[in-house]
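This briefing is meant to be read alongside the sequence and the 3D structure. Please keep both in view while going through the points.

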Amino acid sequence: RGRLGAADLGTSATSRPPRARAAPSRFAERLLGDAHCTALLERLEEVGKQELSPNSGDPLFPASEKSIAPPGADCGDSAAGIHTSCSRYNQWATFQDIAGRRGGKFEVMAGAGPDFHDIGQGELGTCYLLAALASIAHTDPHVIDSMFVRRDRWSSNIFTTRWLVNGKETLVQVDNKVPARDGARPFFVQPSSTGEWWPVILEKAWAKIHGSYKATEAGLWANPVQAITMAPVTRYHHEAVDESTLFKHLQEAAKKGWPAGTGTGPKPNKYGLASGHAYSVLGASTSPDYGKVVRVYNPWNQDHYKGAVPNNDRSDGVFTMKLSEYKEAFEFTTIANVHHDYTITSRLIQTESRKVTMWEFTAPFDEPFYITVAWPGHRMVKPCAMLDPTVTLAVRKRGSDELTTVPDARAWGVSSTSVRVPHGKGHYVVVAGLDFSEKDAVHEAHLIVYSPSRVELKRGGGSAKDELMRMFAPTSDDGRACSTLSIPGRGLFTLRVDTVIFELPTYWSHDGAEFAYWVGAESKWFVAPHSYYKAVADGEVWSYQQVKRDEMSCGCRDDAAGVAGFVGVFCDRVKGSSAKYSNVKCEDTKYSKLVQRYCPATCGLDVCGGSAVDMPTAPPDLVPSEPKVCVDLHSPGISLHGKFASCAELGGYCHEFEAVRESCCAECAKQAEEGGVSNEQACRDHQPVGIRDSEGLAYDDCSELGDKCYEYEAVAERCCKTCQGESGVDGHFLCVDTRFPQWQPKDGTEHAACGYLKPFCWFEPVARECCATCEH
């Protein structure tokens, strides 16, 4: 088998786009330079500081084609089949003039407040924004109402709204002019049929934030929801969730008043829905006639649903469909945990590419709250690539050992990650940090507390790194991270503060073959071979084993399974005359370092002090009568791809097959010394896979790599379960002769080996026990 080159291997603990998605143009980034990547962020700062004067126009968003789109661009709602030159929309009129032409009067919102029926999409492709506004207006109209501040300036035709873009509060002012056909009808979102203009004002503010109306076309429902509330969002892909689970989430959202949105895929026409279009989810219930149903709103304010549930009024955009139809027609459901009257406390925590900081605050409330780390979204760093940092976020309540960390569940395109803290009142310590990749031109991040009331967020005293180690690593009685620890199946590891991965020290095996490093997105320690240290330090994520904090223990412990890489070498069989192999002992042998790693207590290592714990002895049937020498058999009796293989060719299988470790003792010991062989021998597929193709795109899972199992050793190791299924030989790549076959001929021969039994290969027990011999 070949071995993939280092440049073809890699993975990340963060969410990644699907492989089929086109990669961002790094060449374009190099041409444009970092200044272009930060242009919209700098503009947002300017917008937030701007103070409009009555009747003086808006220099940052003038009533001209510049505010609609760049020259020569096309605009239009693609879901409605609109595709036209943006310049045709360069006709402007005031809110009041349009309202007068329509026979009514202008008002921002009626006395009843915002209502989702007030929204009617125009010719611009902003369905995601309008569906988000409709969802929030349906569940908690107060959130929309509270966006409108400085209302005393409405009479001067200056309308100020509060936004939380990138986790930072920004006040955006707009005037009363919008693109309108013949001064009578807005081209884009419409005022309500009863004369409310709040959707028009918010769409214009969103366009001003991003530089033009065109710049706001196409997007994700979650992005404006977070820009309005900074509430955590969760996305459920319909292919990955069953109907009952999806219905449970929809009902929970409806019960708790959480806004929800959805989006169609490429083929929703079966039910009369628009392709590539965002909708609001208004609720889920059980109908006596149609079973589980979902109520949906089209921001067009009209719909064409045609399914099992009658749709008598298609002019209001509201329709109800069966849950099975909903799951089939839409690709995903996104739910935002928006709590009534919750507010945010936000602090800028980072402008460097890699940093970790510690913060403290006191929660005076009993309700649960959320801690979020947010960074600029893809729309704010255009034309450069979407930022995709690795995030570490941990929260600890003083006086409690309970720890909350970030799960690896960040949805693609969502520029934040959150933790729900259920503890309530108390004093909290938060450690947060982002590791941006080299290609990321922007390194800005905010820490946000989303809670019933504001808190005083202060920089914590002491070292953030020490606090992280107290949170993530096993600790000794004095509360400090252990200097030595034992990992089941991998032996003794020692803390090294001089080798750091994302600001945290690492642990190294006693023989230096492997190291363990913390991956915050997985809340686990990853163990990798020493040769991968540089790749991991550069941002890749590799592991042969992933270990939770409570699976590790301070101090020295003999490994219950003995020394890795060998069969039956337990820790009471590595000293003196009781040793299984004369060259596998604690001291003065070829494999002593490896033995000391797995049997530190028995070997009496100085680093163990008084913390060593002996493990059980070997079963009696594994105790040898006299020491042997750990060597490779000249003829292992193992077939690989139909040919007898040497131990050098079988080294890559030591981690999978006991027969290989038994026949190729020295080769497997060598593999163990180099890292990657442990006593944890479960054959599994790794996730993330950690393998990229020649174009640098990561494979999503092992199912895409089944045809490469024979070709690349890395695939066989990372996709063990898949590759066993691909082999077609009893689920294994290898065909192994049993050393002492149980079946014996009736000719009086005793202890017949497989070579003698070859004439009997037609007999199924012989074929099974002498697989390699019978294959030839």
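Predicted model: local features only at pLDDT ≥ 70, side-chain atom pairs only at ≥ 80, totals over all residues.

Residues are numbered from 1 along each chain as its sequence is written, and side-chain values use heavy atoms, with hydrogens and water left out.

**Annotated positions**

- The unreviewed UniProt entry places the feature "active site" at Cys127, His277 and Asn298; such positions are given in the numbering used here, with shortened feature names, and annotations may be inferred rather than shown by experiment.
- These three positions are spread over 172 residues of sequence, yet they cluster in space, with a largest C-alpha distance of 8.7 Å.
- Cys127 is found in helix α5 (residues 127–139), where helices (H or I, at least four residues) and strands (E, at least two) are DSSP runs numbered from the N terminus.
- Cys127 is buried, with a relative accessible area of 10%; buried means under 20% relative accessible area, exposed means over 50%, and partly exposed lies in between, with a 1.4 Å probe and protein chains only.
- Leaving aside neighbours within four places in sequence, Cys127 is in contact with Gln121, His277, Ala278 and Pro299, contact meaning heavy atoms within 4.5 Å.
- His277 is placed in the loop between β10 and β11 and counts as buried at 2% relative accessibility.
- When residues up to four places away in sequence are not counted, the residues that His277 touches include Cys127 and Asn298, as well as Gln121 and Pro299.

- An open sheet of six strands has the order β9-β14-β10-β11-β12-β13 with antiparallel pairing, two strands being paired if DSSP finds at least two bridges between them.
- Strands β9 (233–237) and β13 (318–322) stand at the edges with a single partner strand each, so one side of each is left without a neighbour in the sheet.
- From one strand to the next, the twist averages 35°.
- Four bridges join the antiparallel strands β10 (residues 260–264) and β11 (residues 278–287), and Gly261 has Ser280 in β11 as its bridge partner.
- Helix α9 (residues 243–256) lies across β9, β11, β12 (291–297) and β14 (330–336), and runs at about 100° to β11; axes are lines fitted to C-alpha atoms, for helices over the stretch in contact, and angles run from 0 to 180 degrees between N-to-C directions.

**Nonpolar cores**

- In soluble globular proteins, nonpolar side chains tend to be buried together.
- The largest nonpolar core has 138 residues, and those with the most contacts inside it are Trp163, Trp198, Tyr326, Phe361, Ile371 and Leu447; such a core is a set of buried Ala, Val, Leu, Ile, Met, Phe, Trp, Tyr and Cys residues joined through side-chain atoms within 4.5 Å.
- Helix α5 gives the most to this core, with ten residues.
- Apart from this core lies another of 24 residues, among them Val563, Tyr581, Cys603 and Ala669.

**Salt bridges**

- A search of the whole structure finds 26 salt bridges, each being a side-chain nitrogen of Lys or Arg within 4 Å of a carboxyl oxygen of Asp or Glu.
- Arg181 forms a salt bridge with Glu123, their closest N and O atoms being 2.7 Å apart, and this pair links strand β7 (residues 177–181) with the loop between α4 (95–101) and α5, 58 residues apart.
- Within that pair, Arg181 counts as partly exposed at 29% relative accessibility, whereas Glu123 counts as buried at 16%.
- Lys204 and Asp175 meet through their side chains in a salt bridge (2.4 Å, N to O); Lys204 lies in helix α7 (residues 198–210) and Asp175 in the loop between β6 (170–174) and β7, so the pair ties together parts that are 29 residues apart in sequence.
- Both Lys204 and Asp175 are buried.

**A loop residue**

- Ser483 is found in the loop between α11 (464–472) and β24 (484–487).
- Although Ser483 and Leu495 are twelve residues apart along the chain, their C-alpha atoms are separated by 5.0 Å.
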